[in-house]
Amino acid sequence: VDVLGNIEMIVLDEVDRMLDSLSKYSTERDRMRRKRHPKKVVTLLEHIAAHHNSLQLPLQLIACSATVGRPIRRDLAKIDNAWALSAFEIVRATADDLLLTDAQRNEMKTARFSDRNNGPVSAGAIVPATISHQFVAVRKEEDKYAMLQYLLTAVCPDQPALLFLGDNLRVRDMVQKMRYSGIPRAEALHEAMGFHLYDSANATSTS
């Protein structure tokens with residue numbers, strides 16, 4: 001399956017943390033280190049952009065962050081030579097952009113907290129009607145995988161699912177465990193997108 005060819009839009013949440021863009025005050029040493037060891041998300045985006053350019057496929061990139069500055073837009077523009085800094089439009093959404101009716105506005109859950117610089121601040125969020133949430137409580141750590149296995153095999157055996165792992169878990173080990181326990185469709189995202197081929201081609205030997 002051409003997974004890359006099916007991608008029409010990429011959404012990066014907390015892009016400032018993902019890119020960790022260098023400021024104009026960064027040292028030459030920091031810049032050289034970043035050049036030798038680029039962020040994996042940047043390398044992945046370059047791979048996708050090159051693929052779509054070769055086949056003339058459309059691609060939209062949405063980068064979300066509470067702090068969008070020139071360094072972030074500059075790093076995003078470097079991903080594809082066809083992109084320019086001015087191509088990235090900054091959109092600042094407000095509650096009025098999301099809430100269409102007074103009823104929805106009244107139903108919005110608002111959390112209030114105190115900001116040491118700006119005083120009391122209210123924040124809220126609303127979920128579109130097409131999205132529903134379900135919460136499953138698992139009391140014991142050792143029971144988490146059994147619940148995951150039940151959900152993916154009995155509750156939604158044919159629906160696509162995206163699994164987020166903690167830092168203490170290896171993706172490859174989890175994929176092997178899932179396949180062994182009756183979830184053959186389990187696959188690492190970077191392998192499904194062909195990114196492992198890039199890793200192999202650019203691997204360096206160390207002594």
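A polar contact is a pair of N or O atoms within 3.5 Å; within protein, one must be able to donate a hydrogen and the other to accept it, and residues adjacent in sequence count only if both atoms are side-chain atoms. This is a predicted model, where local features need pLDDT of at least 70, side-chain atom pairs count only at pLDDT 80 or more, and totals for chains, interfaces and linings use all residues. Residues are numbered from 1 along each chain as its sequence is written, and side-chain values use heavy atoms, with hydrogens and water left out.

**View 1. Ser 26 and its partner Arg 31.** The two side chains make a polar contact at 3.2 Å. Ser 26 sits in the loop between H1 and helix H2 (28–36). Helices (H or I, at least four residues) and strands (E, at least two) are DSSP runs, numbered from the N terminus. Ser 26 is buried, at 15% relative accessible area. Buried means under 20%, exposed over 50%, partly exposed in between (1.4 Å probe, protein chains only).

**View 2. A salt bridge joins Asp 30 and Arg 33.** The N to O distance is 3.0 Å. A salt bridge puts a side-chain nitrogen of Lys or Arg within 4 Å of a carboxyl oxygen of Asp or Glu. The pair lies 3 residues apart in helix H2, so about one helical turn separates them. Asp 30 is partly exposed at 29%. Arg 33 is partly exposed too, at 37%.

**View 3. Gln 56 has a positive phi.** The angle is near 55°, in a residue other than glycine. Gln 56 belongs to the loop between helix H3 (40–55) and strand E2 (60–64). Gln 56 is exposed, at 74% relative accessibility.
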